[in-house]
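This report covers selected local features of one chain.

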Amino acid sequence: MELGADGGEQTGSRETSVNNRVFAGFIIMAEAEWDKEQLKRDLKEKWNITAEEDDEEEKRDDSLIFETDNMMAAISLVPVPVPVPDGEAEINAENNYMWPDAVETAKNHKAHIIVAVLSHGEDNLIERGKLYAKLTAACCRQKYATGVYTSGVVFEPHFYEDFADVMKAGELPLYNWIWFG
């Protein structure tokens, strides 16, 4: 079974999981570069999330893995210039009727960041989804971020980040989780 970022079943998508304990998606990038330290600062500044990696020996420049509230957050830059395989980002960009440049932007991406939130046992699906939206929104601030591929669509980064901001007012980021198309 394949699951989308919203925990719902997807077909023909790389947004996969072996169970319903994973939220996952991709930030498509114009270049295979990221600023891990800036990402950590953005998480702290924007969402008050302290992204401290536990094991100093396991730290890598191309990934940020940390635990928070009984969940594991994993953010990884694919370490070589590799777009999302099989033209999948481009195909799903066609679903975004609100962003005329979505397909062209997706076609031109050179790399991607994988964002995943995994549960450690019983947790709150809503809280896991909120953490996923916060992590993804913070990744939208990366210099070379050009799109967010999740929930069967490619979002414009500012659109995704703006809709994640509703959580600051206590609302749920429904437009980040569900594509109404």
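## Cysteines

Cys-139 is buried, its relative accessible area being 0%. The model is a predicted one. Cys-140 also counts as buried, at 9% relative accessibility.

A disulfide requires two cysteine sulfur atoms within 2.5 Å, and by this rule the count is zero. Cys-139 takes part in no disulfide; the nearest cysteine sulfur to its own belongs to Cys-140, 7.3 Å away. Seen from Cys-140, the closest cysteine sulfur is that of Cys-139, and because the separation is 7.3 Å, the two are too far apart for a bond.

Strand β4 spans residues 63-68 and strand β5 spans residues 71-77; the two pair in the antiparallel sense, over six bridges.

Together β4 and β5 make a hairpin, with two residues between the strands. In the turn, Asp-69 has a positive phi of about 50°.

## Glu-53

Glu-53 lies in the loop that runs between α1 (36-47) and β4. Is this residue, Glu-53, buried or exposed? With a relative accessibility of 10%, Glu-53 counts as buried, because the limit for that class is under 20% relative accessible area.

The side chain of Glu-53 forms a polar contact of 3.1 Å with the side chain of Lys-36. With neighbours within four places in sequence left aside, the residues in contact with Glu-53 are Lys-36, Lys-40, Lys-59, Ser-63, Leu-64 and Ile-65.

How values were computed. Residues are numbered from 1 along each chain as its sequence is written. This is a predicted model: local features need pLDDT of at least 70, side-chain atom pairs count only at pLDDT 80 or more; totals for chains, interfaces and linings use all residues. Side-chain values use heavy atoms; hydrogens and water are left out. Buried means under 20% relative accessible area, exposed over 50%, partly exposed in between (1.4 Å probe, protein chains only). Two strands pair if DSSP finds at least two bridges between them. Helices (H or I, at least four residues) and strands (E, at least two) are DSSP runs, numbered from the N terminus. A polar contact is a pair of N or O atoms within 3.5 Å; within protein, one must be able to donate a hydrogen and the other to accept it, and residues adjacent in sequence count only if both atoms are side-chain atoms. Contact means heavy atoms within 4.5 Å.
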